[in-house]
Amino acid sequence: MTLSVTRRTRLSTTWLILLVPIVVLLIAAPWWAGRADLRLMGEIALYMSLAILWNLLAGYAGLVSVGQQAYVGFGGYLFFALTMLAGLHPYAALPLVVLAGFVISAPVAVLIFRLRGAYFAIGTWVVAEVFRLSFAQISSLGGGSGTSLAPDIVRSLADGRDAREAVAWWLALGAAALVLGTVVWLLRSRQGVALTAIRDNELAARSLGIDIWRTKFTVYVVVSGLTALIGALIFLQKLRISPDAAFSANDWTAFVIFIVVIGGIGTLEGPILGTLIFFALRETLADLGTLYLIALGIVAIVIMLFAPRGLWGFLRDRWGLELFPLSRRVSGLAKKEA
């Protein structure tokens, strides 16, 4: 009997082939979409990135954080500081934001990894509040009322408003591609095998010799640095930042958790599907005012009751659907020896 282990399926191969024209179409969006459409698409790409990162953190590493707004706000404020105070070009500031996110998250991880379960979640929220209160004291960045990005910095991105909208969209799309590519690479690596083992059974993973602390630390640092990048791009798009907006638990954590829960936690496709559903609901129900939030809550409750692992988790469990070639499958046919 000849057996082989493969990651690819017919569906994943078809999806990867279709992904090429989809990406080309998205890159060409400034030539076929209006300004409002580009801004909405950019917002979708950035929220999708946040959801994929939070899912990696909670769905694979088991680190349920309710304080990821700490790194969204940190990235936004650092980007404003580097461009407005240090005089760096926005394109040069973005990679420094990522590196700073890696650096600042390392001691934070050492501190909060002493906590477990609900205490860890509360600890991440406390860290986010510390960040918010700290940045609110920086008078050169507007203190508690915030500040706007200087017009000359905005103009340095590109000539003309249409060109700047296109650049903002390409940056958001590039960031989403970077996040998705990084997560796929990580999950296909040896580190990804360790993460999958931790997700399925942490005690069994430890008994197999997996370094749980180091694996979680690596994931936390990577997620934090990339989240800081997304935060910088969010406020580059908004052109204004304030402590309450930058460190909003509702905007950058609650909505992201909703997206992952309805899409499917512990799957790569889940956050993508969840983001599309969230924005479809938002664009449809936003005019209802507070009823909009109630409707989101009802949707989340119904899905958790009937599909506890989210919509994509339900589809994967029932039909084995997987768009990205991550899981290993044994295939092969028995052959008679001559």
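The model is predicted; local features need pLDDT of at least 70, side-chain atom pairs count only at pLDDT 80 or more, and totals for chains, interfaces and linings use all residues. Residues are numbered from 1 along each chain as its sequence is written, and side-chain values use heavy atoms, with hydrogens and water left out.

The chain holds 15 helices and four strands. Helices (H or I, at least four residues) and strands (E, at least two) are DSSP runs, numbered from the N terminus. The radius of gyration is 21 Å, close to the 20 Å of the globule rule for 338 residues, so the chain is as compact as a globular protein of that length. That radius is taken over C-alpha atoms, and the rule is 2.2 Å times the number of residues to the power 0.38. The C-alpha trace spans about 80 × 50 × 40 Å along its principal axes.

Of the 338 residues, 48% count as buried. Buried means under 20% relative accessible area, exposed over 50%, and partly exposed in between (1.4 Å probe, protein chains only). The accessible surface of the chain comes to about 16,700 Å², and 67% of it belongs to carbon and sulfur atoms. Accessible areas come from the Shrake-Rupley method with a 1.4 Å probe; for residues, only the protein chains shown count as cover. Contact means heavy atoms within 4.5 Å. Among contacts in the chain with a separation of 6 or more, 77% join residues 24 or more positions apart.

In soluble globular proteins, nonpolar side chains tend to be buried together. A nonpolar core is a set of buried Ala, Val, Leu, Ile, Met, Phe, Trp, Tyr and Cys residues joined through side-chain atoms within 4.5 Å. The largest such core here has 99 residues, and Leu56, Phe79 and Tyr220 have the most contacts inside it. Helix H2 (residues 35-60) gives the most to this core, with 16 residues. Apart from it lies another core, of five residues, among them Ala194, Ile198, Ala205 and Ile212. Beyond its neighbours within four places in sequence, Phe79 is in contact with Pro90, Ala93, Leu94, Val97, Leu149, Ala232 and Leu236.

Helix H2 also contains Ser49. Ser49 is buried, with a relative accessible area of 1%. Not counting residues up to four places away in sequence, Ser49 touches Ala175, Ala176, Val179 and Ile230.

Leu239 sits in the loop between helix H10 (212-238) and S3. Most residues other than glycine have a negative phi. Leu239 has a positive phi of about 70° although it is not a glycine. Leu239 is partly exposed, at 33% relative accessible area. Ser242 lies in the loop between strand S3 (240-241) and helix H11 (243-246). Ser242 counts as buried, at 16% relative accessibility. Its contacts include Tyr77, Ser145 and Gly146, leaving aside neighbours within four places in sequence.

Ala136 is placed in the loop between helix H5 (118-135) and strand S2 (147-148). Ala136 is buried, with a relative accessible area of 18%. Its C-alpha atom is separated by 7.8 Å from that of Gly146, ten residues apart along the chain.

Leu111 is found in helix H4 (residues 90-112). Leu111 counts as exposed, at 56% relative accessibility.
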